[in-house]
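The following note sets out comments on the structure shown below.

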Amino acid sequence: WVGILSAVALYGVIAYVITAKAGADVPRQTFSDPPVLTLYVISLAMFVAAFILPSMMSGTPATGRTTVAVQAADETLTHVRKSLIIRYALLESPAIFGLIAALRGSNWLLFVPPALLSIVGLLASAPRPAMLRPPRS
């Protein structure tokens, strides 16, 4: 989680360093540029998908033979971890699309809206100890 949040910050630094000199001369029309708007729409779709897709995954683990409780707890924990990995990957993607928009438009400010989506989503999905603990049986 912290690594992905750090990656988003690093993408911002990259966008700023590469486009800082050109960014002062770029007009505001780049925010309404069709490719930039397309990247923004994709970013928003990924943000929404990050909260919908993990919850759509099957939540009921399959149970086995004699050690049903142990297997169910282990499978539930594995399911939670997989869901978090999917959510975090989808939440990082708006920042990546923002980086592409910033590099394409030569304006580091184009990175800010998608990066804010990533940061808000990551903060809302911060892992809590109860999320990673197996259920008691």
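Is Tyr 16 buried, partly exposed or exposed? Tyr 16 has a relative accessibility of 44%, and therefore counts as partly exposed. The points below place this residue and others in their setting; the model is a predicted one.

1. Overall architecture. The chain contains five helices and zero strands. Read from the N terminus, the order of elements is α-α-α-α-α. Of the 137 residues in the chain, 34% are buried. Contacts between residues at least 6 apart in sequence are joined, in 80% of cases, by residues at least 24 apart.

2. The pair formed by Tyr 16 and Trp 108. The structure holds two aromatic pairs. In one of them, the ring centres of Tyr 16 and Trp 108 are 5.2 Å apart and the planes stand at 85 degrees; since a plane angle over 60 degrees counts as edge-to-face, the pair is classed as edge-to-face. Tyr 16 belongs to helix H1 and Trp 108 to the loop between H3 and H4, so the pair ties together parts that are 92 residues apart in sequence. Trp 108 has a relative accessible area of 31% and is therefore partly exposed.

3. The pair formed by Phe 47 and Phe 51. Here the ring centres are 5.3 Å apart and the planes are at 70 degrees, so this pair too is edge-to-face. Both residues lie in helix H2, four residues apart, which is about one turn of the helix. Phe 47, at 17% relative accessibility, counts as buried, whereas Phe 51, at 30%, counts as partly exposed.

4. Packing of H2 on H4. Two packed helices are described by the angle between their axes and the distance between the axes. For helix H2 (residues 34-56) and helix H4 (residues 112-124), the axes come within 10 Å and cross at roughly 5 degrees. That angle makes H2 roughly parallel to H4, because angles under 35 degrees are assigned to that class. On the H2 side the contact involves Tyr 40, Ser 43, Leu 44, Phe 47 and Phe 51; on the H4 side it involves Pro 113, Pro 114, Leu 117 and Gly 121. By type, the residues of this contact comprise seven nonpolar, two polar and no charged.

5. The largest nonpolar core. This core has 23 residues, and those that touch the most other members are Val 8, Tyr 11, Ala 101, Leu 110, Phe 111 and Leu 122. Two or more residues come from each of helix H1 (2-23), H2, helix H3 (68-105) and H4. The largest share, eight residues, is given by H3. Leaving aside residues up to four places away in sequence, Phe 111 touches Val 8, Tyr 11, Gly 12, Ala 15, Ala 95, Gly 98, Leu 99 and Ala 102.

6. Ser 118. Which residues does Ser 118 touch, not counting residues up to four places away in sequence? They are Val 8, Leu 91, Glu 92, Pro 94 and Ala 95. Ser 118 lies in helix H4 and, at 0% relative accessibility, counts as buried.

7. Leu 5 is found in helix H1 and is partly exposed, with a relative accessible area of 23%. Beyond residues up to four places away in sequence, Leu 5 touches Ile 119, Leu 122 and Leu 123. The C-alpha atoms of Leu 5 and Tyr 88 are 9.5 Å apart in space, although the two residues are 83 residues apart in sequence. Leu 84 lies in helix H3 and counts as buried at 9% relative accessibility. Between the C-alpha atoms of Leu 84 and Trp 1, which are 83 residues apart along the chain, the separation is 9.3 Å.

8. Backbone at Ser 106. Most residues other than glycine have a negative phi, and most peptide bonds are trans. Ser 106 has a positive phi, near 55 degrees. This residue is found in the loop between H3 and H4, and counts as partly exposed at 28% relative accessibility.

Terms used. Residues numbered from 1 in each chain as written. Predicted model: local features only at pLDDT ≥ 70, side-chain atom pairs only at ≥ 80, totals over all residues. Heavy atoms only, no water. Axes fitted to C-alpha atoms, helices over the stretch in contact; angles between N-to-C directions. Parallel < 35°, antiparallel > 145°, perpendicular 65-115°, else oblique. Contact = heavy atoms within 4.5 Å. Nonpolar A, V, L, I, M, F, W, Y, C, P; charged D, E, K, R; others polar. Core = buried A, V, L, I, M, F, W, Y, C linked by side-chain atoms within 4.5 Å. Buried < 20%, exposed > 50% of the residue type's maximum accessible area, 1.4 Å probe, protein only. Phe/Tyr/Trp six-rings, centres within 6.5 Å; stacked < 30°, edge-to-face > 60°.
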